[in-house]
Amino acid sequence: MIDRSPRDPALDEAFKLELVTLIPHLRAFARTLCGDATAADDLAQDAMMKAWDARSSFQMGTNMKAWTFMILRNQFYSEKRRSWRQTQLDQEAAERTLVAVDDPEAPVALDELRLSLGMLPPEQREALILVGAGGFAYEEAAEICGVAVGTVKSRVSRARKALQSILEDGAYDRDGGAAGDAMRSILADAERLSTVR
Amino acid sequence: MIEQQSQHPVSGSEANAALDEARLRQQAIGVRLRQMFDEVVNEPVPDDFLDILRRADKSAERD
């Protein structure tokens with residue numbers, strides 16, 4: 001059912017203002033799903049338009065961030081389902097992006113974290129990013145992913161353990177040689193960051 | 001408790017130290033994870049995004 005009743009322009013305006021503030025977050029989440037920055041922006045734009053088109057079904061005052069993240073995630077997985085070949089291309093692009101060091105000034109630890117994240121199963125990576133970086137509560141992440149809260153909790157916990165051991169063992173793939181002890185550089189950076197504060 | 005400690009003199013404090021170390025490592029990973037995400041959040045939004053919304057806005061006005 002498409003809602004044909006006229007919308008209150010003030011309501012649309014309020015919706016749009018809030019949606020605009022969420023664009024940076026949608027881009028960041030899309031980047032973690034796609035890897036490739038261009039594909040990620042395409043995904044984030046599609047999600048933004050879908051959210052706009054569905055604005056009459058959104059209850060103002062409820063969590064728009066979680067709602068738009070859910071739209072973006074559904075969009076990502078429905079696109080993946082639509083074309084297996086596209087999925088392969090996405091995967092290759094993601095791998096290239098995960099391996100590429102495009103900014104020589106980028107901190108080593110961050111680069112290593114990206115590589116390590118790429119080795120996690122997608123559902124664990126997604127849960128960890130939503131809770132650990134996106135600032136969502138377990139309940140919100142569960143709603144976004146369409147799974148039980150307990151499932152999110154266990155995925156996040158497994159992801160944390162796996163990430164730590166990948167970083168400690170230097171078990172991630174890297175062009176041109178063995179990975180060092182990434183954990184050491186992450187700890188050193190964290191120490192530096194905490195002294196700055 | 002005391003008897004157990006004398007049998008395993010270092011186990012208690014070692015376990016605590018390992019726990020602290022694990023916590024520290026998880027915190028460090030958490031800081032990095034947020035930083036990685038925030039890097040993209042703090043990027044300027046490409047003009048395309050706002051252009052698309054502006055166009056959608058115009059077509060909504062026509063409806």
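Colleague: What is the accessible surface of chain B, and what share belongs to carbon and sulfur atoms?
Modeller: The model is predicted. Accessible areas come from the Shrake-Rupley method with a 1.4 Å probe; for residues, only the protein chains shown count as cover. The total for chain B is about 4,700 Å². The carbon and sulfur share of that surface is 51%.

Colleague: Which confidence cut-offs apply to this predicted model?
Modeller: Residues are numbered from 1 along each chain as its sequence is written, chains are lettered from A and ligands numbered from 1 in the order in which they are written, and side-chain values use heavy atoms, without hydrogens and water. Totals for chains, interfaces and linings use all residues, while local features need pLDDT of at least 70 and side-chain atom pairs count only at pLDDT 80 or more.

Colleague: What secondary structure does chain B have?
Modeller: Elements are DSSP runs, numbered from the N terminus: helices (H or I) of at least four residues, strands (E) of at least two. From the N terminus, chain B reads α-α-α. The count is three helices and zero strands.

Colleague: What part of chain B counts as buried?
Modeller: Buried means under 20% relative accessible area, exposed over 50%, partly exposed in between (1.4 Å probe, protein chains only). Chain B has 63 residues. The buried part is 24%.

Colleague: Which residues of chain B lose the most area to chain A?
Modeller: Buried area is the accessible area (1.4 Å probe) that two parts lose on being put together, summed over both. Between chain B and chain A that is about 3,300 Å², with 72% from carbon and sulfur atoms. Three residues together give 23% of what the chain B side buries: B:Arg32, B:Phe37 and B:Phe49.

Colleague: How many salt bridges cross the interface of chain B and chain A?
Modeller: A salt bridge puts a side-chain nitrogen of Lys or Arg within 4 Å of a carboxyl oxygen of Asp or Glu. Over all chains the structure holds 11. Across the interface of chain B and chain A the rule finds four.

Colleague: Which residue of chain A pairs with B:Arg25 in a salt bridge?
Modeller: The closest N and O atoms are 2.5 Å apart. The pair crosses between chains, from helix 2 of chain B to helix 8 (residues 149-169) of chain A. B:Arg25 counts as buried, at 19% relative accessibility.

Colleague: Which residue meets A:Arg55 in a salt bridge?
Modeller: The N to O distance is 2.9 Å. A:Arg55 lies in the loop between helix 2 (37-53) and helix 3 (64-82) of chain A, and the partner, 43 residues apart, in helix 1 (residues 9-34). A:Arg55 is buried at 12% relative accessibility. Also buried, at 11%, is A:Asp12.

Colleague: What separates B:Asp51 and B:Arg54 along helix 3 of chain B?
Modeller: Their side chains meet in a salt bridge (3.1 Å, N to O). B:Asp51 is partly exposed at 30% relative accessibility, and B:Arg54 is partly exposed at 46%. They are three residues apart, so the separation is about one helical turn.
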